[in-house]
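Subject: Structure for your files

Hello,

Please find the structure below. My notes on it follow.

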There are 2 protein chains.
Amino acid sequence: MKSLKYSFIKIAAILIISLCSCNIAISQEENIGESSATWIWYPGDFEIWLSNKMQVRRTEREAVFPPLWRYYSPFPLVTFQTDVNLPEEDEVTIYSEGSFQLLIDGKQIYGQPKSVTIEAGKHTISLKVYNQEFLPSIYIQGKYINSDESWIVTNEDKLWIDEKGNAQQSGTPWKPVGSWKFNSPVEKPSDFRLETEPWNAKTIEPIGDGELVDFGKETFGYIKIHGIKGEGRLALYYGESREEALDPAKCETLDYIKFNGSQALEYTHDESKAFRYVQVQADPSIKYDSISMLYEYLPLDYRGKFNSSDGLLNEIWDVSAYTMHLTSREFFIDGIKRDRWIWSGDAYQSYLMNYYLFFDNNSVERTLLALRGKEPITAHINTIMDYSLYWFVGIYDYYLYTGDISFIEQFYPRMKSLMEFVLGRRNKSGFLEPLEGDWVFIDWADGLPKTGEVSFEQMLLARSLQAMSKSAEIAGDKNDQKRYENLAKQMQEKLFDVFWDEENQVMKHQRINGEMQETVTRYANMFGIFFNYFNEDQKQSVKEKVLLNDDILEITTPYMRFYELEALCAIGEQEYVLEEIRDYWGGMLELGATSFWEKYDPSDEGDEHLSMYGRPYGKSLCHAWGASPIYLFGKYYLGIKPTAAGYTQYEIRPNLGGLDWIEGKVPTPNGDIEIYVSKKEIRVTGVKGEGNLIFTSKSKPKGTAKITNLGNDEYEVIINPDKEYKISYKAI
Amino acid sequence: MKSLKYSFIKIAAILIISLCSCNIAISQEENIGESSATWIWYPGDFEIWLSNKMQVRRTEREAVFPPLWRYYSPFPLVTFQTDVNLPEEDEVTIYSEGSFQLLIDGKQIYGQPKSVTIEAGKHTISLKVYNQEFLPSIYIQGKYINSDESWIVTNEDKLWIDEKGNAQQSGTPWKPVGSWKFNSPVEKPSDFRLETEPWNAKTIEPIGDGELVDFGKETFGYIKIHGIKGEGRLALYYGESREEALDPAKCETLDYIKFNGSQALEYTHDESKAFRYVQVQADPSIKYDSISMLYEYLPLDYRGKFNSSDGLLNEIWDVSAYTMHLTSREFFIDGIKRDRWIWSGDAYQSYLMNYYLFFDNNSVERTLLALRGKEPITAHINTIMDYSLYWFVGIYDYYLYTGDISFIEQFYPRMKSLMEFVLGRRNKSGFLEPLEGDWVFIDWADGLPKTGEVSFEQMLLARSLQAMSKSAEIAGDKNDQKRYENLAKQMQEKLFDVFWDEENQVMKHQRINGEMQETVTRYANMFGIFFNYFNEDQKQSVKEKVLLNDDILEITTPYMRFYELEALCAIGEQEYVLEEIRDYWGGMLELGATSFWEKYDPSDEGDEHLSMYGRPYGKSLCHAWGASPIYLFGKYYLGIKPTAAGYTQYEIRPNLGGLDWIEGKVPTPNGDIEIYVSKKEIRVTGVKGEGNLIFTSKSKPKGTAKITNLGNDEYEVIINPDKEYKISYKAI
């Protein structure tokens, strides 16, 4: 086969032409100004590499416990490229993760230079990087030429030469590069670790010849041993509870560390664990001074805030925020002891809570990318039908809350291929019905039917298709936009045609082989409320006949409790919901919880609170879905939510839920909305965008702004940016 | 999300049930006898990992030069599984490349044990292995339980538990594992290297302060420096020719090695190169005793043999065999200096030569797997349309020569997805016409038209569809078999309908936008002969009007010369072809070739023989396609070829081509067919299978076996296994 030696003169023009005919539209502006460099890679590949590494870190008593779904890999061979127009020559330094080939204007530069001088004028710079082991990435630093978001990348450059020696390139799938926050040449993506800070033990208690170390609250990180001397084994038995750490035979995680006598005085363990307590038992041949830990965390600002006249609720908000922070790590994970995996259904709730706490877009994007993986798609996300669908709904919300279109523009092809996979699994009636290998999860609930056509899945599909229609529009694909819009409409109509019970005015649960089943469950009924698929009459009927009906199969997991409470709030049951929150979350606090649990059953006693799945310490005591008050307080009490993408329009509909006063902040892309509400006064400071404050008042409200009477004791104030509004009123 | 802790009792039955419903039919026989262990992995993944590593080893003056096409990766997370029925307890040792989770009957075993005792009775053993860096693989050794070809593997085990704690598994895509020859726990797949043996220099000549080392013939491997002392730089300038090694500024490969003074006395360079000569120039601060090399090679038997009354032809065969061996490495590559890549068109010729020399099935399989990669398919193999098609034709031949159906059974899904990709790129007329990103190669030839619908590509597609039809039958897919059979027929008919010139009785070259072009080239015309797509009249017309017609665009590359000479042999022009071989290959030998070149033009003079692509030493002097006499001598002079899969039937149709005598061996799956032919005598020893010796004789032949007169001076002898036949006859 012909050598691919590049001819300098000939290739330049061809490359420029071919870039114009690349598969995706990329505004390939030339870098002409000075900029700063960052590490860049194939978009999504860092997230795949990191999530592979993170999820396999789950251990159970020293056995690794990897996920049950498919792992993808970064592309091991990628080509980075940029066009520049230099006002003067530029001395460029090259850092690379992987061996590389450098081409300037299609001409190969010999060796793998650490720096290169590029003369003034227009140039195309390409680096082909190979790295099978981790992630091919580069950091290029010059006065003018810097690796940044403006570069493009491909996993198949298809640069070949014809028989005349001319270089040819066509059909190259160029993409904008991926990057994050690796802004220095020494901060390599492969070295990524979360931040750590030293924490000392709160109390120490002797246990036999060893000790029980209590760090005072649920935490995550690496045990440190100070002043370690001697040879032998040291055992660490971790516990989210005291009981677990005291039970070497049954605790879920443990480490046996062997010292050979020649170790340094200070030892930091290399595996992270979730715990509050750790029991340390060392061989008599080993001595040490003390135990501490490195707390590991993702640095995030607590932008959202909540405070109220009820101290218990405030504490619930604080512990929820801490729970959310502990589970917001490399990605949004379910629990820090277990599974330490990224589950799309769990992550979807984290996205929502994030919008009312951190508003960290990058965490949402990283998680979406890790969940989605790459091509080909051979199974649902996490193998679960509903979890593929939550992924789309998550993007719908992401766009609504953040207004960020770049993610959709960039990853629309991955959205589309997943949606086509999903659509390809519909049955003859056009409904999703599980095929071999499809896990229908919905919820853990005894006797919950999951076979055949389940209305809940069809409702998620309808919403997913709406997300696709909007995304196709953003990605500029009008045909797709139309197609998904129609499919969404059809799906919503079919959903009501088949599952809506006209007689009883509720959504039924299931049809099997064309036969409608009489079962009614809460799932589709509650989602139909906050998806706004029901009209007001339907909502009232569903509220009475389903949500507040004890004959309907009860929801027992905090996972679905999230939506149940949301649905109740969405129909104005804030006061009822606050009582539920006080009972459920307050109940955990009463039992000493320092983070919220995977599950809580008030009727359990003693050690029963720790067990799950038939294992005495099987329950995770720090689970993301336990943090839902963050979301509920922000959205349904402070009452703030976007009504157009990225808070360009938003609504503030405060609800005291029976409290004397509440106050707080809700983050947006353009700063934080601040609000204080008592029974007599409402104070609001808005952000960029048009806000609508809507409230009810027994008496005619007064304030510095124009107050519009909407009738039925309802009033509206238009909130303009960065102004404080004060309204006197009388709460109903 | 729910923990995936396994319940011992419950899972066992479910696992057994679910294995029966897996996607592919695997005869999951229980291991009950003693067997020997080997390293196992996900099928095809070792080949992908190794080919990625190998192909990026191409360097040009210290710059790496990776391929222009997409790289795939091994699955980083796979689950191995086997069912056993143990007569007694078995102590099993576990070796793993990657961290692992061990499950016995669905129950997780704590830790990552190096050995485990499994009690007597029926068991399911599973190991989930994670390895992002290279290849997840295992080696399990017990008295009864051993990792071997009977194990199955998946990249997504989909083992989850429902709300009742029962394990569920469905839709798991189990596959039979891949393995090769790693039969000891210490011979890990990731450590794979070819064999080496030390070679000494033949002559040494002082060059300035350095020296020129000549190893006597073309070779490949690692330079060794003996007695190296001091600090400084040592330069190695490699040359396939003396001229190249003497030209530090222009030689294609070089190495600069830095010594810091503390090195060992003996140094072996870590990068392999192709060369006969190496110029060594060391800083004066460096002293060494001598230079040698480690010759690197794939151990292969030279089963095919050829000898004749013409010493020149014998030398040509010997040098061809050496050329073929040098390019038969981790995979069949094009050239050892350059490109060191796997090109499907080049490899296809290596497969054919392999059947007449090594008959090494595994090399063919490795190469086919490396070329094919995995899913998704986003471009043609090597980005070249014809190269996707040669891949199918290569499998057609592989089955014909070896009779091996296991490769097709195992990889039929990859064949099918590639064929569907190819079929998806047909135009409205149903012909292949290049889309964006499709490189139509055919051959390097000035003025060769490659746009529009080219007959040559359609002919390769027709043959590929025949290969698919046969493969679908072997894989047990009757619908596919029928579909591809029909498509093949249609394609062959359309090919003749559109491109066959009834008036001139030749195949035309091209149609553009529905307009037939008058051009006639050799390509489709010569393939039509040995594909047997022409009838005898058509063949004669094509021979006269195309093959022996100097007005038709000449073929100048040894690549297409291969097929041109084959076509001429296939219509009985052996004597003419021998003259061509003496001229062309003899010409290279006369110029001192010790391996055959990428290209040879008798009209070149001096250094012109070394240059190509505008570079003074650009030409590869050891190129696989230069070794075609191996194939031609075996198939068209010794005259041996299979007529049914795996030589269950075969033909021996010797042709002296004007020589006094020829003799040789042709390998088959069941031993070597031996033949001696002079003008008076034919001696044949057959192998298992039915052989048909067909020859012409002026007089009535005599022999120990039954000789059937076929008319027209043609005779036939049935050759039974392992018997020597002697026939006296009189050559025409």
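**Cis bonds, helices, salt bridges and charges**

A:Asp339 sits in the loop of chain A between helix H4 (311–327) and helix H5 (344–354); helices here are DSSP runs of H or I of at least four residues, strands are runs of E of at least two, and both are numbered from the N terminus. The peptide bond joining A:Arg338 and A:Asp339 is cis, with omega about 5°.

This is a predicted model, in which local features need pLDDT of at least 70 and side-chain atom pairs count only at pLDDT 80 or more, while totals for chains, interfaces and linings use all residues. Residues are numbered from 1 along each chain as its sequence is written, chains are lettered from A and ligands numbered from 1 in the order in which they are written, and side-chain values use heavy atoms, with hydrogens and water left out.

A:Arg338 and A:Asp339 also belong to a network of salt bridges, together with A:Arg58, A:Glu60, A:Glu252, A:Glu598 and A:Arg615. A salt bridge is a side-chain nitrogen of Lys or Arg within 4 Å of a carboxyl oxygen of Asp or Glu. Over all chains, the search finds 84 salt bridges.

- B:Glu564 and B:Arg522 form a salt bridge at 3.2 Å, N to O. The pair links distant parts of the chain, 42 residues apart: B:Glu564 is in helix H13 (residues 558–570) and B:Arg522 in helix H11 (residues 522–530) of chain B. B:Glu564 is buried at 6% relative accessibility, and B:Arg522 is buried at 5%. Buried means under 20% relative accessible area, exposed over 50%, and partly exposed in between (1.4 Å probe, protein chains only).
- B:Glu536 and B:Lys539 form a salt bridge, with the closest N and O atoms 3.5 Å apart. Both residues are in helix H12 (residues 536–547) of chain B, three residues apart, about one turn of the helix. B:Glu536 is exposed at 52% relative accessibility, whereas B:Lys539 is buried at 7%.
- B:Glu681 and B:Arg683 form a salt bridge whose closest N and O atoms are 3.1 Å apart. B:Glu681 is partly exposed at 23% relative accessibility, as is B:Arg683 at 26%.

Helix H11 of chain B also holds B:Tyr523, which is buried at 1% relative accessibility.

Next, two helices whose lengths were checked. The expected span is 1.5 Å times one less than the number of residues. Helix H6 of chain B (residues 361–372) has 12 residues and should span 16 Å; its end C-alpha atoms are 17 Å apart, which agrees. Because 10 of its 12 residues are buried, H6(B) is largely enclosed by the rest of the structure. Among the buried residues of H6(B) are B:Glu365, B:Arg366 and B:Arg372.

Helix H7 of chain A (residues 385–402) has 18 residues and should span 26 Å, and its end C-alpha atoms are 26 Å apart, which agrees. H7(A) is mostly covered, with 16 of its 18 residues buried. A:Gly403 follows H7(A) and has a positive phi, near 70°.

In chain B, the loop between H6 and helix H7 (385–402) contains B:Pro376. A cis peptide bond joins B:Glu375 to B:Pro376, with omega about -5°. B:Asn382 is in the loop between H6 and H7 of chain B as well; its phi is positive, near 55°, though the residue is not a glycine. B:Asn382 is buried, with a relative accessible area of 4%.

Chain A has another non-glycine residue with positive phi: A:Lys158, at about 55°. A:Lys158 lies in the loop between strand E10 (152–154) and strand E11 (159–161) of chain A, and is buried at 5% relative accessibility.

Last, the surface charge. A:Glu243, A:Asp550, A:Asp551, A:Glu554, A:Asp601, A:Glu605, A:Asp607 and A:Glu608 gather in a patch of negative charge. Patches are made of residues with over 30% relative accessible area and no salt bridge, like charges being joined within 9 Å and nonpolar side chains (Val, Leu, Ile, Met, Phe, Trp, Tyr) within 5 Å. Accessible areas come from the Shrake-Rupley method with a 1.4 Å probe. Asp and Glu count as negative, and the charge is placed at CG of Asp or CD of Glu. A:Asp601 is in the loop between helix H14 (574–590) and helix H15 (629–637) of chain A and is partly exposed, with a relative accessible area of 33%.

Regards
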